[in-house]
Structures are given as structure tokens and as C-alpha cells.
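Here are my notes on the fold. Please read them beside the model.

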Amino acid sequence: MRLIKDTGAIFYNHKWRVQRGLLQDRHDIVSSFPVRQIIIWRRKGGINFNPGYFLPTYEVIYLIAKPKFKLAKKANAYGDVWEFTQEMKNEHPAPFPVALIERCIGSTEAKVILDPFMGSGTTAVVAKQLGRDYIGIELSPEYVGMAKARLNGKLSSKRSKSVFSSINPQGKLFNNI
Ligand SMILES: C[S@@+](CC[C@H](N)C(=O)[O-])C[C@H]1O[C@@H](n2cnc3c(N)ncnc32)[C@H](O)[C@@H]1O
């Protein structure tokens, strides 16, 4: 948080879960951060095998904002409930929908986008499309490969700089630029 400019923000996605019959909203994770808003990402449900609660159909996105953060022009017209279907055509086990990331990045004026859990590179792909620079960090070399393949398959109208990092099992960071 201290590395982010006074005009910067974090979009932090969290899936609230029921465990041993009680909601685990893990508020402790964000309790020391300046949470400005909770956005509901309404997605399609799956199958609920538990008779004790309703089928979960949403996840939350915390907008954690520095004091001078402002949304991009007209983005404040969006509501705080966003409906986007999960990504189906992606081999990563938990990819974000492109449209969801477009909403997050496109709602800011940020020039550099950091995703410390880059997975298959959805954030990088969208950042590139929107002409922003991006930094991605990902534990799995396999997913780094997926992200690179996606990035190489996309045409970008604007140039953007990229930094991709993968952490090997010993925890050593190495760059794939
Ligand atoms: C929910 S997935 C992100 C998916 C991504 N948004 C996409 O659209 O493909 C989380 C990713 O974080 C990675 N990950 C988990 N722990 C990590 C760590 N300590 N450092 C870097 N990456 C990590 C996992 O390998 C996984 O690919």
C-alpha cells in the first residue's frame, strides 16, 4: 500500500465462504486498509451440495483507495453490483472474466497496473489492450507460459511496457521479460 501513489487504488477480489456453518468474510484481511467501497461481482452460480445455505452467486471486490484516488471520467455512473459471467474458455482453474478486469482498469486513470497473482494473464491482456503498462507476478511457470501465449496472441493498438515475473519453488524471483 505504501508503494502506491496518493491517487492510486487496489481492487481486491475475495470469495466469501461458509465454513463449519458460519460465513467467513475474512474481514481481518482488509481491516487495516482504507476500504472505500465493496463491489459485488454477480456471477453465475454452480451446484450447491449443502442444504444449509443458498447457492452463492457473488464474490466481493474491495475498492481500497488512497486519499486522492478518483475514478476515470463517467465511471462513477456504474453501480456497485457488476454482473459478469465466469470465464469458460480458459485452461487456468480460476481465471477472471476479461470484462470484469476491463471494468476495473478502465474505471481508473492508472498508467501502471500490478497484478501479484497474475494466473493466465487476464490483467496483463486487458492492460495492454487499454494501453497501460503492467507488472505481473505468478508462482507457476506454467501459468506464466499461458499468460505470455495470450499476450503474444493479442494485437494491441497502443504500445505498453511489460514485466512478467515467476517465483520458482525455492521462492527466488526471476524475470521473464
Ligand atoms: C485466482 S488465480 C488468478 C487468475 C487470474 N486472475 C487469471 O485471470 O488467470 C491466483 C493465481 O495466483 C497464483 N499464486 C498463488 N500464490 C502466489 C504467490 N505467493 N505469488 C505469486 N502467485 C501466486 C496462483 O498460481 C494462481 O495462478
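1. Two strands pair if DSSP finds at least two bridges between them. Strands (E, at least two residues) and helices (H or I, at least four) are DSSP runs, numbered from the N terminus. By that rule, β1 and strand β5 (residues 58-65) pair in the antiparallel sense over six bridges. Ile-10 has Ile-64 in β5 as its bridge partner.

2. On provenance: this is a predicted model, where local features need pLDDT of at least 70 and side-chain atom pairs count only at pLDDT 80 or more, while totals for chains, interfaces and linings use all residues. Residues are numbered from 1 along each chain as its sequence is written.

3. The sheet is open and has four strands, in the order β1-β5-β4-β6, with mixed pairing. β1 (9-14) and β6 (81-83) stand at the edges with a single partner strand each, so one side of each lacks a neighbour in the sheet. On average, neighbouring strands of this sheet are turned by 25° against each other, direction ignored.

4. Helix α2 (residues 98-106) packs against helix α3 (residues 122-129) at an angle of about 55°, with the axes 9 Å apart. Axes are lines fitted to C-alpha atoms, for helices over the stretch in contact; angles run from 0 to 180 degrees between N-to-C directions. α2 and α3 are therefore oblique to each other (under 35 degrees is roughly parallel, over 145 roughly antiparallel, 65 to 115 roughly perpendicular, the rest oblique).

5. Which residues of α2 meet α3? Val-98, Ile-101, Glu-102 and Ile-105 do, against Thr-122, Thr-123, Val-125, Val-126 and Ala-127 in α3 (contact: C-beta atoms, placed from the backbone, within 7 Å).

Definitions and conventions:
Contact = placed C-beta atoms within 7 Å.
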